[in-house]
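Welcome, and please get your viewer ready.

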Amino acid sequence: MNLSNLTPAKGSTHHDKRVGRGAGSGYGGTSTRGHKGAKSRSGYSKKFGFEGGQMPLQRRLPKFGFKNVNRVEYKAINLSFIQALAEKLNLSTIDPQVLVENGYASSNDLIKILGNGQLTAKVEVKAHAFSKSAQAAIEAANGSAVKL
């Protein structure tokens, strides 16, 4: 055996269908495209959302709502997560970097601490925003809430 007599496995290759080469080939005439219509023409490419001339769904439905370009999206972290993290890692300061390292947030998230859960550990929490209840709970546990 050498490189000159290598061939594909039997049945693994197919001949291309030669369309438009006369009626005798079985693929002449319409060249397997059916009769008339946009799909039978050369250069046809279906536009996104095109429904054959019928008014597309996107245009049949009314417009509503809006996207506020000034919206600030925060990653919400509850006090229960802060408590669990403080106990697990025995930390006195919890900042966004610690949350990123432990998989609670990604590096470009803005972090807001929310007041769900109990906080007993005395920790300094650094975040971009705090709810009033979270700030009160942190300070009640002799910790501090620092806005970044």
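Which residues have the most contacts inside the largest nonpolar core? Select Ile82, Ile113 and Ile138: they hold that place in a core of 20 residues. Keep in mind as you look that this is a predicted model.

Next, colour the elements that each give two or more residues to this core: helix 2 (79–89), helix 3 (96–101), strand 3 (110–114), strand 4 (124–127) and helix 4 (132–140). Helix 2 supplies the largest share, with 4 residues.

Stay with Ile82 and show its surroundings. Beyond its neighbours within four places in sequence, Ile82 is in contact with Ile77, Ile94, Ile113, Leu119, Val123 and Val125. In soluble globular proteins, nonpolar side chains tend to be buried together.

Leu6 lies in the segment before helix 1 (57–60).

Finally, zoom out to the whole chain. The C-alpha trace spans about 90 × 65 × 25 Å along its principal axes. The radius of gyration is 32 Å, whereas a compact globule of 148 residues would have one near 15 Å. Colour by burial, and buried residues come to 21% of the 148. For the surface view, the protein exposes about 11800 Å², 51% of it supplied by carbon and sulfur atoms.

Definitions and conventions:
Residues numbered from 1 in each chain as written. Predicted model: local features only at pLDDT ≥ 70, side-chain atom pairs only at ≥ 80, totals over all residues. Heavy atoms only, no water. Core = buried A, V, L, I, M, F, W, Y, C linked by side-chain atoms within 4.5 Å. Buried < 20%, exposed > 50% of the residue type's maximum accessible area, 1.4 Å probe, protein only. Contact = heavy atoms within 4.5 Å. Rg over C-alpha atoms; globule rule 2.2 N^0.38 Å. Areas by Shrake-Rupley, 256 points an atom, 1.4 Å probe, with all protein chains shown as cover.
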